[in-house]
Amino acid sequence: MGAPDERVIQLVMRLRGEGVTDAKVLGAIERTPRDVFVPERFSDQAFENRPLPIDCGQTISQPLVVGMMTQLLQVDDRCKVLEIGTGSGYQAAILSKLARRVYTIERYRTLAKEAEERFARLRLTNVTPRIGDGTKGWPEQAPFDRVMVTAGAPVRPDTLLDQLKPGGIAVIPVDNDQGAQTLMRYVKTEGGELQETAMMAVRFVPLVDGEAKAL
Ligand code: SAH
């Protein structure tokens with residue numbers, strides 16, 4: 001990989017204009033080739049600020065949402081991060097540039113395998129993918145400094161928040177009572193209490209209980 005694509009520079013400038021101001025986050029986006037994470041038929045749209053379809057009826061998030069969520073998570077290179085909903089692997093790839101280690105869970109085997117190949121191809125050796133039901137978290141690796149969920153939870157996922165360290169931060173889309181989703185940010189105090197703040201309206205595919213039967 002040589003100089004960043006002109007298209008990614010345009011995208012980064014746009015995201016900055018829309019509120020992603022953290023230079024480290026913008027740098028991580030600039031260094032992550034989104035075209036590697038989208039289906040080939042959409043590669044001409046890979047650097048547009050829009051979500052795109054991926055396999056198994058799922059979506060790769062809009063870059064602005066990836067940028068905002070990453071910024072809200074305040075990741076640094078000491079952080080052990082858990083992501084639920086690997087999908088294409090794009091968000092995990094961005095996190096891997098900022099964190100010490102990223103653990104990511106996907107319920108569809110096809111998506112998990114494709115993402116794993118992309119991590120290898122880009123030499124993102126600090127990402128550990130796994131196929132399974134992310135609603136249970138990753139007890140063997142808990143506790144985590146940061147938790148990000150990239151699917152909409154029907155209610156606050158306490159099992160995942162229990163796997164957050166004191167002082168840790170989680171960013172999770174949760175259904176609200178207007179039939180939509182709110183991006184919630186949780187901070188666990190040193191005493192273990194949760195402080196929650198509603199950040200913005202988002203639209204994610206649902207977080208589904210249980211392992212996927214096929215695919
Ligand atoms: N972060 C992804 C976008 C994810 S779309 C990216 O950057 O491309 C949400 C993903 O969450 C889908 O792939 C969906 O299959 C997955 N998902 C939904 N419920 C899940 C669960 N219980 N465990 C693991 N993954 C889940």
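## Ligand contacts

A backbone N or O atom of Arg107 lies 3.3 Å from a nitrogen atom of the ligand. This model is predicted. Gly85 also uses its backbone: an N or O atom there sits 3.0 Å from a ligand nitrogen atom. Glu83 contributes through its side chain, with a polar atom 3.1 Å from a nitrogen atom of the ligand.

The ligand is surrounded by 27 residues. Gly85 is among the closest, along with Ser88, Glu106, Gly134 and Val208.

## Packing of α1 and α2

Two packed helices are described by the angle between their axes and the distance between the axes. Helix α1 covers residues 6–17, and helix α2 covers residues 23–30. Their axes come within 9 Å. They cross at roughly 155°. The angle is over 145°, so α1 runs roughly antiparallel to α2. The crossing of α1 past α2 is right-handed.

Which residues of α1 and α2 meet? From α1 come Val8, Val12, Leu15 and Arg16. From α2 come Leu26, Ile29 and Glu30. By class, this contact of α1 with α2 holds five nonpolar residues and two charged ones.

## Backbone features in two loops

Where is Cys56 placed? Cys56 belongs to the loop between β1 (52–53) and β2 (59–60). Its phi is positive, about 65°, although Cys56 is not a glycine.

Pro143 lies in another loop, between β5 (127–131) and β6 (144–149). Is the peptide bond from Ala142 to Pro143 cis or trans? The bond is cis, and its omega is near 5°.

Conventions: Residues numbered from 1 in each chain as written. Predicted model: local features only at pLDDT ≥ 70, side-chain atom pairs only at ≥ 80, totals over all residues. Heavy atoms only, no water. Axes fitted to C-alpha atoms, helices over the stretch in contact; angles between N-to-C directions. Helix = DSSP H or I, 4+ residues; strand = E, 2+ residues; numbered from the N terminus. Parallel < 35°, antiparallel > 145°, perpendicular 65-115°, else oblique. Left-handed = near helix turned anticlockwise from the far one by under 90°. Contact = heavy atoms within 4.5 Å. Nonpolar A, V, L, I, M, F, W, Y, C, P; charged D, E, K, R; others polar. Near = heavy atom within 4 Å. Polar contact = N/O pair within 3.5 Å; in protein donor to acceptor, adjacent residues only side chain to side chain.
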